Amino acid sequence: MIWLIAKKDFLLNLLSVRFIIGFVLCLIVIPFTVTISVDDYISQVKVYETENKRAEKEMKDASVWSYIRPTIVLKPQPLSIFSNGISNNMGNKVKVSFYNYPLFPEGHANTRDNPLLNAFFSIDFVKVIAILISLLALVFSYDAITRERENGTLKLNLTGQVSRISFLFGKLTGLLLTLLPILLFCYILACLIILINPAISFSASEWGNIVLLFALSVVYMIVFILIGMLISSLVKHSASSIILSLLCWIWFLFLIPNISTYLSGSIRKTPLYDNVEMTIHEYEKEYLEGLRNLYFQVENDISQNDKIMLSHDNYFSEMDGEKYFETSNIATAIYNLEIESGNEQAVFDLADKKWALQQDYLNKLTDQQQLQQQIAWLSPSEIFRQISESLCHTNASAYRSYMESIRMYRETFIRFYRSNNLFKSITSYTPKKLDKFAMNEEVIGTPHEQYLLSKKAEYEKYTKDLNKDEIPLYTATSQNSGVTDASGRITGLFSILTLLLVGIIWAFMKYDVR
C-alpha cells in the first residue's frame, strides 16, 4: 500500500508545473554556479603556481644563510569547487620568520582580478543546493496532507484499509522519489562539468567525499520534506501551510546565520587587533633598545673607543634578521658576528612574547567562531553547510591545522639554524670566509690585533658553507577525510530528521481528517 500511494504521488508530481520549474531552475543555476567555482579554482591554482615559483626563486637567489626564509604557499583545495568555506577570506602563503609566529596566511586572498567587481555574496555549489533543494522540498511537501483533506481523498483513504502510518510513509516516499532525480541531476551535471575540464583532477578520497556529500544532501532534503509535511499535519489549509513553510525557509536559511553571527559577537567579544599591535609595538621598542645597547657595547669592544674605523658600506639589514654586508676588514666582520650572536636569544624571546598576545587573540576568535557554529545548529541548512565545509577541507578547523603545522615547521627550521650555529657563522651574512678579510692597518702590531685574531679563531669554527639541500623542507600534514571532523554535525542532522519524523507521526495520528 505504501508503494501504491508513493507511485501515485510521484506520477502526479512528475507531471506538475512545480517539477518542471524546479528541474529547469536547477538546469540553469547549477552549470552557472559550478562554472564560476571552476574558474575561481583554476585562477587560484595559477596564483599558487606563480607564488610557488617566486618562493623557489627567492630561495635559489639567496647567497647567505640569513636570507633563507622559506615561504610556504597553500595549495588550493579541489573540493572548494563544491564548498569554498572560508577560502576566500584567507591568504595563500606564509613566510617563516624568526621574529614572529605565523598567525594567518598572507598574500592573495581574492580570486577576482578586479575587487570592484566583487559586489555579490560568495556562492558555491553547496549553497545553491541548500537553497534550491530546501525550497523545492517545501514547495512539494507543504500541501502533502492539507491537499488530500481539501480534496476529500484523505478521509476516503483512511476509512478504507489504509493505515495512517502507511499513508504517511507513502506520501514521504512519493516526495522523495520526486525530488531525488532533481538532486541527482544536479550532482551529475556538476561532476560532468568538472570531468570535462582537464585542469582539474580529484583523488579517490575526494570522489569518496563527493559521494558522501550527495548522500548527506539526500538526508538534508528529507529533513525539509519532513518540515513541510509536519506543517501540513498541523494546519487545516494549504494557504496557511505554504506561508508557514516559506517563513521557516527564510528563518533557517537566511535569518539564523545572521542571528548566530550577531549573538556570538555580542556574547563573546574579541579585542581589536589594533590593541594587540600596540602592545607588540611596545615589545619591539624594548627589543630595539636592547639591540641599540648591544651595538654600543660591541662597537666599543671592537673599535677600541673609536680608534678603529668600522666600515658599513654595502650593508643591508631587514627586521627579521636578513642581513648582508660587504667589507674588507676583519674588525667590521667580527663586529657583525658579535652583534648577531649576542642578539640571538633576544630575537626568539621577542617572538615568544608577541605570540603570547597573538595566541590569546586567536583563541578568542576561535571561541567566537565556535559559538557562532553552535548557535547555527538551530538551522539544518547551517549544519549541512558546516558538514560540507568539513568534507571539502575549507572550514576554519582545516586552516587552524594548516597554520599549526607551519608553526611546528618554524620550530624545526629554527632548530636547524641554531644547531648549526648560523647566527655565529660569517656565511650567514656574506659569501666571504673570515680568512679573506684583511687585518685593520691601525691595529697591526698592537695588543688589539691579538684580540681580533682570537675572535676570528673563535668564529672560524662556526663557518658553514651554504648548502641549501640541508635545509629541512615543509611537509604538509596529511588531511583526514573530514568525516571525523563532521561526525558530530552528521549526528545532529540525523537527530533532527528523527525528531521531525516522530513529530509528524504524532501530529498526523491526531490529525482531524474531517
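Mentor: Ala, Val, Leu, Ile, Met, Phe, Trp, Tyr, Cys and Pro count as nonpolar; Asp, Glu, Lys and Arg count as charged; the others, Gly among them, are polar. Please keep in mind that the model before you is predicted.

Trainee: How do the residues that line the second largest pocket divide into these classes?

Mentor: The lining of the second largest pocket has 20 nonpolar, 17 polar and 8 charged residues. The space within this pocket comes to about 1,500 Å³. Its lining has 45 residues, and those closest to the centre are Gly85, Ile86, Asn89, Arg385 and Glu389. Helices 3, 8, 10, 11 and 12 are the elements that each give two or more residues to the lining. Helix 10 contributes the most, with 10 residues.

Trainee: Are Tyr101 and Trp355 buried or exposed, and how do you know?

Mentor: Buried means under 20% relative accessible area. Tyr101 has 14% relative accessibility and therefore counts as buried. Trp355, at 11%, counts as buried as well.

Trainee: How do you know what kind of pair Tyr220 and Phe384 form?

Mentor: The centres of Tyr220 and Phe384 are 4.6 Å apart, with 15° between the planes, so the pair is stacked by the cut-offs of 6.5 Å and 30 degrees. Tyr220 lies in helix 7 and Phe384 in helix 11, so parts 164 residues apart in sequence are tied together. Both Tyr220 and Phe384 are buried.

Trainee: What makes the placing of Lys432 a charge over the ring of Phe437?

Mentor: The distance to the ring centre has to be within 6 Å, and the charge must also be within 35 degrees of the ring normal. The charged end of Lys432 is 4.3 Å from the centre of the Phe437 ring, and it sits over that ring. Arg164 lies over the face of Phe508, at 5.7 Å from the ring centre.

Trainee: How many disulfides are there, and how do you know?

Mentor: A disulfide requires two cysteine sulfur atoms within 2.5 Å. By this rule the count is 0. For Cys186, the nearest cysteine sulfur is that of Cys26, 3.6 Å away, so Cys186 is in no disulfide. Cys186 counts as buried, at 1% relative accessibility. Cys392 is likewise in no disulfide, because the nearest cysteine sulfur, that of Cys191, is 11 Å away. At 2% relative accessibility, Cys392 counts as buried.

Trainee: What makes a space a cavity, and how many does the search find?

Mentor: A space is called a cavity because a 1.4 Å probe fits there but cannot get out, whereas a pocket is open. The search finds 2 cavities of 30 Å³ or more. The largest cavity has a volume of about 70 Å³. Its lining has 6 nonpolar, 2 polar and 3 charged residues.

Conventions
Residues are numbered from 1 along each chain as its sequence is written. This is a predicted model: local features need pLDDT of at least 70, side-chain atom pairs count only at pLDDT 80 or more; totals for chains, interfaces and linings use all residues. Side-chain values use heavy atoms; hydrogens and water are left out. On a 1 Å grid over the protein atoms alone, a cavity is a set of points where a 1.4 Å probe fits but cannot get out, and a pocket is an open set with protein on both sides within 12 Å along at least five of seven lines; lining residues have an atom within 4 Å of a point. Grid points are joined across faces, edges and corners, and a volume is the space filled by probe spheres set on the points. Helices (H or I, at least four residues) and strands (E, at least two) are DSSP runs, numbered from the N terminus. Buried means under 20% relative accessible area, exposed over 50%, partly exposed in between (1.4 Å probe, protein chains only). Rings of Phe, Tyr and Trp (its six-membered ring) pair if their centres lie within 6.5 Å; planes under 30 degrees apart count as stacked, over 60 as edge-to-face and the rest as tilted.
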